[in-house]
Amino acid sequence: MPEGDTVHQAARRLHTALAGHTLTRSDLRVPKLATVDLAGRTVLDVTARGKHLLTRIEGGLTLHSHLRMDGAWRIYAPGEPWRGGPGHQIRAILGTAERTAVGYRLPVLDLLRTTDENKAVGHLGPDLLGPDWDPDLALRNLLATPDRALGEALLDQRNLAGIGNVYKSELCFILGITPWVPVGELPEETAARLPGLAKKLLEANRERPSRTTTGRPYNGQRLYTYGRARRPCLRCGTLIRVAEQGDGSRSRPTYWCPTCQQGPTP
């Protein structure tokens, strides 16, 4: 599941494969970009902003993509079979003489002027893995809606950018509170600790192929709660529970330990 750490990894792979090289192939398979041909232009940079990918191209252009739940960019050498999915799931192909980047199942793919990138990412809060990270601003953003459940506030990329469903559940477990606790009811010490802990978790995983929050990346113990419904809590042995959380438009499974975490539950 792409979250801030995996998106930054994808940006690094794309940057290494494409930056400084001239495109020899360009195929953008969405109707609004079907006639666009970027071949002959040099890729300048690929960077992540929260969960967004910005591929900057010669001529003042930026190819903006978002992976959401299922999207992925794969890099292939000449002659290497493409294994990212069936051909009808391909949304973008950017090829150079040395490498080909193939975007699968990309729900968002736009081409914009580089000077207009803020139209795509300007709404985002501080990026946990970006140069604009500001823990004080992130905390102020979260506390601005005190009645909102913490889990929902953490997923709102306008507050801070990079947290997805996995880190939401894991952060709440480590803090010892349920994801349904209103932000305004967080103990002052817990609230102050939250931004730094979130950054610590993402930083620890930005280079790892397999995400872990427990420090035990083996025997199904990589994560404290996420994906572990009806399995014993690694800390107390109570069975982990799962329920949907959301505003009704995008409900997502949320995991918690009823013993280790205090606060309201469904």
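Guide: Gladly! Let us begin with how elements are named: helices and strands are DSSP runs, numbered from the N terminus. Just after helix H1, Gly20 takes a positive phi of about 85°. Please keep in mind that this is a predicted model.

Visitor: What do S2 and S3 belong to?

Guide: They are part of an open sheet of four strands in the order S2-S3-S4-S8, with antiparallel pairing. S2 (43-49) and S8 (108-113) are its edge strands.

Visitor: Why are S2 and S8 called edge strands?

Guide: Each of them pairs on one side only. Two strands count as paired if DSSP finds at least two bridges between them. S2 and S3 (residues 52-57) have six bridges, in the antiparallel sense, with Val43 opposite Ile57 in S3.

Visitor: What makes S7 largely enclosed by the rest of the structure?

Guide: Buried means under 20% relative accessible area. Five of the five residues of S7 (residues 100-104) are buried, so the strand is largely enclosed. Thr100, Val102 and Tyr104 point one way, while Ala101 and Gly103 point the other way. In a regular strand the side chains alternate between the two faces of the sheet.

Visitor: Which strands pair with S7?

Guide: S5 (residues 72-76) pairs with S7 over five antiparallel bridges, and Ala72 has Tyr104 as its bridge partner. S6 (residues 90-95) also runs antiparallel to S7, joined by five bridges. There, Ala92 stands opposite Gly103, and a hairpin of four residues connects S6 to S7.

Visitor: Why is Thr212 called buried?

Guide: Its relative accessible area is 4%, and the limit for buried is under 20%, so Thr212 is called buried. A polar atom of its side chain lies 2.8 Å from the backbone oxygen of Arg222.

Visitor: What makes Arg49 and Asp132 a salt bridge?

Guide: The rule asks for a side-chain nitrogen of Lys or Arg within 4 Å of a carboxyl oxygen of Asp or Glu. The N to O distance between the side chains of Arg49 and Asp132 is 3.2 Å, and they meet in a salt bridge. Arg49 lies in S2 and Asp132 in the loop between H2 and H3, so the pair ties together parts that are 83 residues apart in sequence.

Visitor: Are these two residues buried or partly exposed?

Guide: Arg49 is buried at 18% relative accessible area, whereas Asp132 is partly exposed at 31%.

Visitor: How do you know that Glu117 and Arg56 form a salt bridge?

Guide: The cut-off is 4 Å, and their closest N and O atoms are 2.8 Å apart. This pair links distant parts of the chain: Glu117 is in the loop between S8 and H2 and Arg56 in S3, 61 residues apart. Salt bridges that share partners join Asp45, Arg56 and Glu117 into one network. By this rule, the count comes to twelve salt bridges.

Conventions. Residues are numbered from 1 along each chain as its sequence is written. This is a predicted model: local features need pLDDT of at least 70, side-chain atom pairs count only at pLDDT 80 or more; totals for chains, interfaces and linings use all residues. Side-chain values use heavy atoms; hydrogens and water are left out. Helices (H or I, at least four residues) and strands (E, at least two) are DSSP runs, numbered from the N terminus. Buried means under 20% relative accessible area, exposed over 50%, partly exposed in between (1.4 Å probe, protein chains only). A polar contact is a pair of N or O atoms within 3.5 Å; within protein, one must be able to donate a hydrogen and the other to accept it, and residues adjacent in sequence count only if both atoms are side-chain atoms.
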